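Let's take a look at the salt bridges in this one. Here is the model to follow along with.

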Amino acid sequence: MMEQTNHDDAAAGFSPLRSTLLRVAYHMLGSVSDAEDVVQEAFIRWMRTDRNDVREPEAFLRSTVTRLCLDVLKSARHQRETYLGPWLPDPVVEEELDDDITLPLMLVLERLSPLERAAFLLHDVFGLEFDEVASAIQRDAAACRQLASRARVHVREARPRFPVDKRRSLEFAEAFFAASRNGDMASLGAMLSADVTLNADGGGKRPAAMKPIVGFDAVVKLHAHLATMFAKAASQLVRVGFINGLPGFVTLEADGELQTTALELVDGKIATIYITRNPDKLKHLH
């Protein structure tokens with residue numbers, strides 16, 4: 001009975017913070033399942049803590065989650081180095097655009113050191129003062145300022161330069177789905193920038209290009225080939241929405257697996273196409 005009471009008391013303080021902690025963990029790790037594991041471990045530690053000694057539960061838990069993420073990133077960096085083909089973060093699909101951490105920005109964060117990533121996210125994205133950042137990553141405030149400053153240099157170019165027209169961008173995604181599936185290469189080509197790039201993440205689990213496909217001609221050629229396959233085995237539209245802050249869609253492909261396609265728009269054209277096919281990264285969408 002005492003154990004149940006302890007669990008209930010811990011949950012009462014933890015539950016309202018769970019979604020925020022998941023956001024921190026996901027943006028640190030780029031993996032939904034890893035983020036969920038980290039937050040669950042943070043809850044276990046929260047239950048074992050003398051909570052009467054914790055003056056600010058949110059700060060305590062955010063620090064706990066950040067440190068757990070830094071531990072995960074030590075092994076994740078090696079995993080990324082041995083990953084088959086382009087690596088993309090797990091797709092998070094939302095109806096509304098309410099997060100300025102877009103997929104391109106997450107890829108830039110991936111190239112930062114774990115400490116730079118933590119300092120930037122905690123201060124620039126989640127609005128923590130550097131004293132709290134210092135507590136979370138166990139560095140002094142001056143070092144945290146330097147870490148965040150170095151990170152900003154890298155992420156500046158990945159920030160959206162112009163506000164996105166939500167309705168227009170989703171219409172764009174719907175039009176791209178239609179053109180790519182029915183073989184209308186003229187309409188598809190009109191949507192692409194001259195130096196468009198396509199990144200496909202199959203993780204060695206499903207067929208996907210092992211390197212980015214670069215340039216208008218190469219991307220159109222690929223889609224012309226895919227359209228002949230879609231004519232034989234249909235690709236079904238499941239939903240349209242924002243995928244990691246970019247307009248895109250979820251499809252059910254002929255092999256029975258889900259796929260996400262996200263479109264980065266620059267000056268009214270598609271600059272980058274991000275396709276996630278690795279089934280391990282799509283489990284949470286079922």
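Which residue forms a salt bridge with D255? That's R206, with the closest N and O atoms 3.0 Å apart. A salt bridge here is a side-chain nitrogen of Lys or Arg within 4 Å of a carboxyl oxygen of Asp or Glu. D255 lies in the loop between β5 (246-252) and β6 (258-266) and R206 in the loop between β2 (192-201) and β3 (213-214), so the pair ties together parts 49 residues apart in sequence. Helices (H or I, at least four residues) and strands (E, at least two) are DSSP runs, numbered from the N terminus.

Keep in mind that this is a predicted model: local features need pLDDT of at least 70, side-chain atom pairs count only at pLDDT 80 or more, and totals for chains, interfaces and linings use all residues. Residues are numbered from 1 along each chain as its sequence is written, and side-chain values use heavy atoms, with hydrogens and water left out.

The structure holds 14 salt bridges. E95 and R239 make one of them, at 2.7 Å, N to O. This pair links distant parts of the chain, 144 residues apart: E95 sits in the loop between β1 (93-94) and α5 (103-110), R239 in strand β4 (residues 236-243).

R150 and E116 also pair up, at 2.9 Å, N to O. R150 is in helix α8 (residues 141-155) and E116 in helix α6 (residues 114-125), so parts 34 residues apart in sequence get tied together.

How accessible are some of these residues? Buried means under 20% relative accessible area, exposed over 50%, partly exposed in between (1.4 Å probe, protein chains only).

| Residue | Relative accessibility | Class |
|---|---|---|
| E95 | 49% | partly exposed |
| R239 | 29% | partly exposed |
| R150 | 41% | partly exposed |
| E116 | 10% | buried |
| D255 | 46% | partly exposed |
| R206 | 8% | buried |
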